[in-house]
Amino acid sequence: MPPSYLLTSVTFLPLAGTTALFMLRADDHEWIRRIALAISLFEFALSLQLLRGFALTSANYQFVEFRNWIPSPPIHYHLGIDGISLFLVLLTTFLTPIAILVSWKSIEQRVRAFFISLLVLETGTIGVFVSLDLFQFFLFWEVMLIPMYFLIGIWGHERRIYAAIKFILYTMLGSILMLVAMIWLYELSGSFDLPQIQSLLVSGQVALSFQTELLLFAAFFLAFAIKVPLFPLHTWLPDAHTEAPTAGSVILAGVLLKMGTYGMLRFCLPLFPEAAHRFAPYVAVLAIIGIIYGALVAMVQTDLKRLVAYSSVSHLGFVVLGLFAFDPTAVQGALYQMLNHGISTGALFVLVGMLYDRRHTHLIREFGGLASPMPMIASLFLFVSLASAGLPMLNGFVGEFLILAGTFARNVSWASSAAVGIILSAVYLLWAYQRVFFGDLIYEKNRTLADADRRECVVLLAMAVLILWMGIGSVSFTRRTEASARNVFVLMQRPQAYNARAILRSIEPLRSGGVR
Amino acid sequence: MLEHLWLIPLLPLLGAASNGIFVSRWPRSAVNAIALGSTGLSFLATLEVAREFANLSADQIPWLRSYFTWIEAGSFRADFALQVDQLTLIMLLVVTGVGWLIHLYSIGYMPDDTGYRRFFAYLNLFMFFMLTLVLAANYLVLFVGWEGVGLCSYLLIGFWFLKKTATDAGNKAFWVNRIGDFGFLLGLFLLFRQFGTLDFAPIFRNSAALPVETSGHGVLTAIALLLLAGATGKSAQLPLYVWLPDAMEGPTPVSALIHAATMVAAGVYMVARSHVLFTHAPVAMFAVAVIGCATALFAATIALVQTDIKRTLAYSTISQLGYMFIACGVGAFGAGIFHLMTHAFFKALLFLGAGSVMHATGGEQDMRLMGGLRKSVPWTYATMFIATLAISGTPGFSGFFSKEEILLAAGTGPYANSVIYVLGVITAGLTALYMFRLLFLTFHGVPRFDQKKTHVHESPRIILAPLAVLALLSVVGGWWAAPHLVGGLNYFDNFLKLVFLASETSSSTDSYSGNSQLIATVFGPPMVAAFIGFLLAWLLYIRRPETPKRLAESLSAPYRLLAGKYFVDELYALLIVRPLVWISANFLWRAVDEESIDGLVNGVAREAGEIGDRLRHLNSGNMRTYAAWVILGAVVLTTLLVWTVR
């Protein structure tokens with residue numbers, strides 16, 4: 001394949017685009033918005049090019065770019081995507097224009113800085129998903145924190161400073177552990193390059209002692225588990241989500257949380273398979289607690305945005321469970337659920353944001369009977385809620401079904417307990433929906449609220465179409481992720497096990513999953 | 001038409017889409033045309049399918065068409081595939097036929113307000129999902145329909161969303177069904193784990209080859225019981241029946257179509273569809289029969305004292321669905337489907353008739369405030385009278401054949417159980433009692449409402465026409481299934497037998513032909529019971545209408561138990577709902593999340609801040625202090641060095 005700069009372009013286009021915003025006058029809000037939107041749309045179109053050249057059946061990294069960067073220690077500029085990262089990049093480029101559109105009117109202070117932050121955030125996020133060099137990965141991981149910190153801290157709601165600091169401290173704690181682990185891994189393997197380390201481990205040229213593997217796994221895992229977030233590391237999330245402006249919540253829920261589950265799938269499983277197996281029961285139990293606990297706490301929230309935030313804890317629990325079931329079906333489901341959650345929870349935050357724009361509150365008791373003044377928003381809110389609650393033919397069902405079906409084949413009690421979450425998601429979503437949209441209008445001021453305008457309709461319909469499409473045409477996604485999802489289990493094999501059980505356990509998923 | 005099966009569900013979907021999304025300012029006549037037209041075309045397409053189906057050879061059945069791969073990942077694969085066999089065909093005819101009649105009725109019934117378009121969009125959407133459910137060729141597509149009809153039920157129960165009771169009832173329906181679906185989903189996972197697919201054909205083929213799990217342990221028993229959990233939710237059986245009475249908050253045509261004729265029968269359909277799994281799991285069969293029997297009796301007793309006309313009918317529906325479960329549980333799947341069909345006719349008619357009464361009296365639902373209506377609404381009265389005769393099992397009417405066939409199987413079939421048979425017979429008596437009570441309270445006696453205020457008028461023809469058609473079906477709908485021993489052709493049973501061949505338990509009434517003694521023994525008791533029920537109703541509500549009140553007073557404890565519907569709702573609220581909300585709010589959220597976890601995190605932060613604050617004082621600027629620290633540090637480092645190198 002001829003050298004292509006497509007990934008570099010996709011990664012840095014938003015950052016480059018910020019120069020255009022810098023050239024505008026700071027108070028020229030209209031044009032700042034338009035240019036930012038144009039950049040993000042162009043970026044989305046560009047990222048769609050990835051689909052065209054993507055080889056379906058290959059589990060290898062594609063669109064690879066490799067340059068020397070720092071000779072010693074050997075750090076490279078190494079980009080590439082596979083089926084695991086492909087759609088996460090597209091999710092980012094899809095949600096960014098959405099985030100820009102929903103901020104159109106609601107952001108009035110420091111408009112230019114806001115949109116610059118969003119675009120920098122986009123570059124940082126994509127960078128995380130396409131980096132194949134550990135150091136470079138870490139760099140993007142940290143870079144992306146800064147704009148997010150500003151988004152919450154500057155444009156957030158009442159308790160924004162508390163939330164922003166909590167968010168950054170939590171993430172930094174994980175980052176430090178991860179950095180230590182990366183350096184240690186470099187000491188052991190002599191490389192920062194992920195594919196190289198991986199092949200050294202798979203071929204047995206580098207063997208980690210079980211103790212080392214456990215520690216490395218723990219360090220990486222903790223960093224990612226905070227990001228997901230896994231119970232009981234989740235308490236930064238309700239605050240961050242609730243206090244962030246709508247665009248921040250959309251990106252935070254839509255993309256940033258996926259970095260955690262992405263990291264688990266990219267690093268924790270293939271690099272440290274034996275430790276992953278050892279920890280899997282504990283992780284699964286925490287994930288299941290997260291599913292049920294998140295749903296129950298969501299059920300009793302009085303603040304609509306906080307409710308959606310807790311529902312993320314529940315939904316991401318499904319993803320983590322799917323990853324640690326070590327089953328190709330479940331992993332595929334987990335990958336799909338990452339996308340689903342990005343779209344449908346993103347859409348819920350968009351809708352909650354629209355209510356906030358009109359009433360400047362998130363409290364459920366301030367609403368009631370909104371279906372009468374705003375039928376359009378009410379219909380779409382229900383549509384998205386049903387998607388989130390896993391109604392068949394909408395996106396959430398496919399992911400949850402695959403995760404649970406795959407997990408069930410491994411462990412009946414895990415799948416059965418997790419499936420309780422499906423009952424509960426219908427409870428908290430429809431109950432909240434009833435209190436917000438049904439019944440008589442309790443407050444006179446709600447009577448005159450405007451329904452979605454044209455800009456809002458475009459945003460919501462784009463997301464609704466995607467939800468429907470992902471619910472019906474899931475194969476157009478899963479056939480692109482299939483090879484890479486299976487490959488995870490190939491990468492988890494080791495030639496000489498530290499004990500005989502290890503090797504058995506790491507190939508077991510393939511054997512029973514492949515031919516049944 | 002067989003080549004284009006997809007048209008049957010798709011037509012109503014297009015109707016729903018155009019009424020729900022695209023056509024925002026079209027007049028009412030256009031809405032009607034779209035809604036009626038799409039459903040009507042779907043019905044015609046079904047008729048054409050039936051015609052072509054008759055020409056298929058046995059090995060072409062089930063006729064299967066796969067349209068696209070819906071889900072494919074890892075080792076899982078499910079196509080969007082539809083199939084037609086005899087069972088599907090009957091369900092298709094019932095759903096599209098009765099569905100179309102109810103669409104027609106709704107045009108006359110629904111008030112012309114802003115919700116008119118929305119109503120028909122939901123109703124068409126329901127048709128789409130219900131048709132998908134019965135056409136599905138695998139459990140996953142069936143689940144699409146299964147959840148979809150649940151959604152439409154939720155939307156239509158809460159159709160008048162300004163009323164809190166309506167939206168509460170909608171939520172309840174959705175949630176209780178979700179509990180059943182939890183079991184259903186686990187059943188699907190187990191099916192997938194066991195058979196590696198969710199397609200009907202390979203599952204039934206492979207499970208037919210497995211031994212019958214007489215011991216009650218085994219994967220098929222587990223699967224069947226999990227599927228049964230789903231069926232109890234959808235078909236409103238014990239212990240998940242609680243949503244159906246509340247569902248009467250929805251518009252009456254919805255009660256007729258969704259909560260009587262079609263959707264609630266989906267559980268019965270699913271069990272019949274999975275007959276191979278059930279017959280290989282006798283324990284599950286027994287569970288089906290017991291649940292059905294208990295529900296039939298339980299709901300019938302509640303129906304005796306209800307005062308709301310629609311709620312009486314709702315409990316009656318639950319009770320009749322119990323009969324269908326009994327049928328499946330005793331291996332008479334054909335009889336179950338037969339009763340499903342006749343029930344669709346007479347129960348839809350009863351609900352539509354109740355709607356007509358409400359239309360006539362300005363929305364009154366309380367039977368205590370009716371009475372003597374038969375003269376002012378003669379057509380409604382006549383049709384409802386026919387339906388009452390049918391449901392009570394009057395010889396010659398459709399309900400007679402289906403109910404007798406079920407009780408026959410319960411009494412003499414391969415899974416016969418005398419307790420279930422006796423309770424079934426008692427329920428038949430109760431059925432006649434509560435149904436004639438309803439009829440007498442509503443139409444007979446003296447008017448108990450203010451005749452000056454309420455001007456009672458017969459409904460328009462568009463409402464009466466569907467009543468007339470359904471009344472005709474309630475009479476003749478059973479004839480083509482009349483068993484040989486009463487001189488019938490038994491066409492229905494023979495037609496369906498091909499589907500249930502694998503189970504080989506079809507308790508055909510043919511074996512009894514000619515034996516007049518047996519006829520009397522097996523057919524007699526239910527008829528006698530029904531007649532006693534009718535007599536009691538006549539005594540209590542016509543002859544001596546003051547007795548029921550006295551009875552209620554003298555038997556006040558049992559009466560209150562029945563009137564309070566055995567206080568099951570209150571029990572669930574006390575044991576499940578309230579504790580769950582309380583624990584979530586006070587323990588999980590406040591105590592665990594905010595105080596423990598976040599308290600710990602913020603505590604650490606505060607401590608760190610305080611330590612930092614104290615450490616700040618170390619930077620005192622005092623040279624001697626610094627020197628002391630340097631020396632201390634050097635000593636510690638040296639010690640460590642020596643200790644490690646050693």
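A:Glu30 has a relative accessible area of 32% and is therefore partly exposed, since that value falls between the 20% and 50% cut-offs. The model is predicted.

**Salt bridges within the chains**

A:Glu30 has a charged partner in A:Arg34, and the two side chains meet in a salt bridge at 3.6 Å, N to O. Both residues belong to helix H2 (residues 29-53) of chain A. They sit four residues apart, about one turn of the helix. An α-helix has 3.6 residues a turn, so residues three or four places apart point the same way. A:Arg34 is partly exposed too, because its relative accessible area is 39%.

B:Arg51 and B:Glu48 form a salt bridge, with the closest N and O atoms 2.9 Å apart. This pair lies in helix H2 (residues 28-53) of chain B. B:Arg51 and B:Glu48 are three residues apart, which means a separation of about one helical turn. B:Glu48 counts as partly exposed because its relative accessible area is 26%.

Where does the salt bridge between B:Asp85 and B:Arg273 find its two residues? First, the distance: their closest N and O atoms are 2.7 Å apart. B:Asp85 is in the loop between strand E2 (76-84) and helix H3 (86-109) of chain B, while B:Arg273 is in helix H11 (residues 266-273) of chain B, so the pair ties together parts 188 residues apart in sequence. B:Asp85 and B:Arg273 are both buried. Elsewhere, salt bridges with shared partners join A:Arg159, A:Lys166, A:Asp239, A:Arg306 and B:Asp598 into one network. Over all chains, the structure holds 29 salt bridges. The table gives some of them.

| Residue | Partner | N to O distance |
|---|---|---|
| A:Arg34 | A:Glu30 | 3.6 Å |
| B:Arg51 | B:Glu48 | 2.9 Å |
| B:Arg273 | B:Asp85 | 2.7 Å |
| A:Lys166 | B:Asp598 | 2.7 Å |

**Where the chains meet**

At the interface, 63 residues of chain A are in contact with 49 residues of chain B. The two chains bury about 4900 Å² between them. Carbon and sulfur atoms carry 71% of that area. How many salt bridges cross the interface of chain A and chain B? There is one. A:Lys166 and B:Asp598 meet in a salt bridge at 2.7 Å, N to O. Polar contacts between chain A and chain B number 20 residue pairs, both residues being at pLDDT 80 or more. Helix H17 (residues 412-437) of chain A supplies 14 residues, the largest share of the side of chain A that touches chain B. By class, that side of chain A has 40 nonpolar, 16 polar and seven charged residues.

**Chain B as a whole**

Chain B has 25 helices and two strands. Its C-alpha atoms fill a box of roughly 115 × 65 × 55 Å along the principal axes. Of the 646 residues in chain B, 58% are buried. Take the contacts in chain B between residues at least 6 apart in sequence: 80% of these join residues at least 24 apart.

Helix H7 (residues 200-209) of chain B has buried residues B:Phe200, B:Pro202, B:Ile203, B:Phe204 and B:Ser207. What covers them? The cover includes E2, helix H5 (139-157), helix H6 (164-195), helix H8 (219-234), H11 and helix H12 (275-279) of chain B.

B:Pro525 is placed in helix H21 (residues 516-543) of chain B. With 31% relative accessibility, B:Pro525 is partly exposed. B:Pro525 and B:Pro253 are 272 residues apart in sequence and 35 Å apart in space, C-alpha to C-alpha.

**Cysteines**

Over all chains, the structure holds zero disulfides. A:Cys268 is buried, because its relative accessibility is 0%. B:Cys152 is likewise buried, at 0% relative accessibility.

**Backbone details in chain A**

Most residues other than glycine have a negative phi, and most peptide bonds are trans. Chain A has exceptions. A cis peptide bond joins A:Val228 and A:Pro229, with omega about -5°. Another cis bond runs from A:Phe231 to A:Pro232, with omega near 0°. A:Pro229 lies in the loop between helix H9 (210-227) and helix H10 (236-243) of chain A. A:Pro232 is also in the loop between H9 and H10 of chain A.

Phi is positive at A:His360, near 55°, although the residue is not glycine. A:His360 is in the loop between helix H14 (328-359) and helix H15 (375-388) of chain A. A:Met393 has a positive phi of about 80° and is not a glycine either. A:Met393 lies in the loop between H15 and helix H16 (395-410) of chain A. Is A:His360 buried or exposed? A:His360 is exposed, because its relative accessible area is 57%. A:Met393, by contrast, counts as buried, because its relative accessibility is 12%.

Terms used
Residues are numbered from 1 along each chain as its sequence is written. Chains are lettered from A and ligands numbered from 1 in the order in which they are written. This is a predicted model: local features need pLDDT of at least 70, side-chain atom pairs count only at pLDDT 80 or more; totals for chains, interfaces and linings use all residues. Side-chain values use heavy atoms; hydrogens and water are left out. A disulfide is a pair of cysteine sulfur atoms within 2.5 Å. Buried means under 20% relative accessible area, exposed over 50%, partly exposed in between (1.4 Å probe, protein chains only). Contact means heavy atoms within 4.5 Å. Buried area is the accessible area (1.4 Å probe) that two parts lose on being put together, summed over both. A salt bridge is a side-chain nitrogen of Lys or Arg within 4 Å of a carboxyl oxygen of Asp or Glu. A polar contact is a pair of N or O atoms within 3.5 Å; within protein, one must be able to donate a hydrogen and the other to accept it, and residues adjacent in sequence count only if both atoms are side-chain atoms. Ala, Val, Leu, Ile, Met, Phe, Trp, Tyr, Cys and Pro count as nonpolar, Asp, Glu, Lys and Arg as charged, and the others, Gly among them, as polar.
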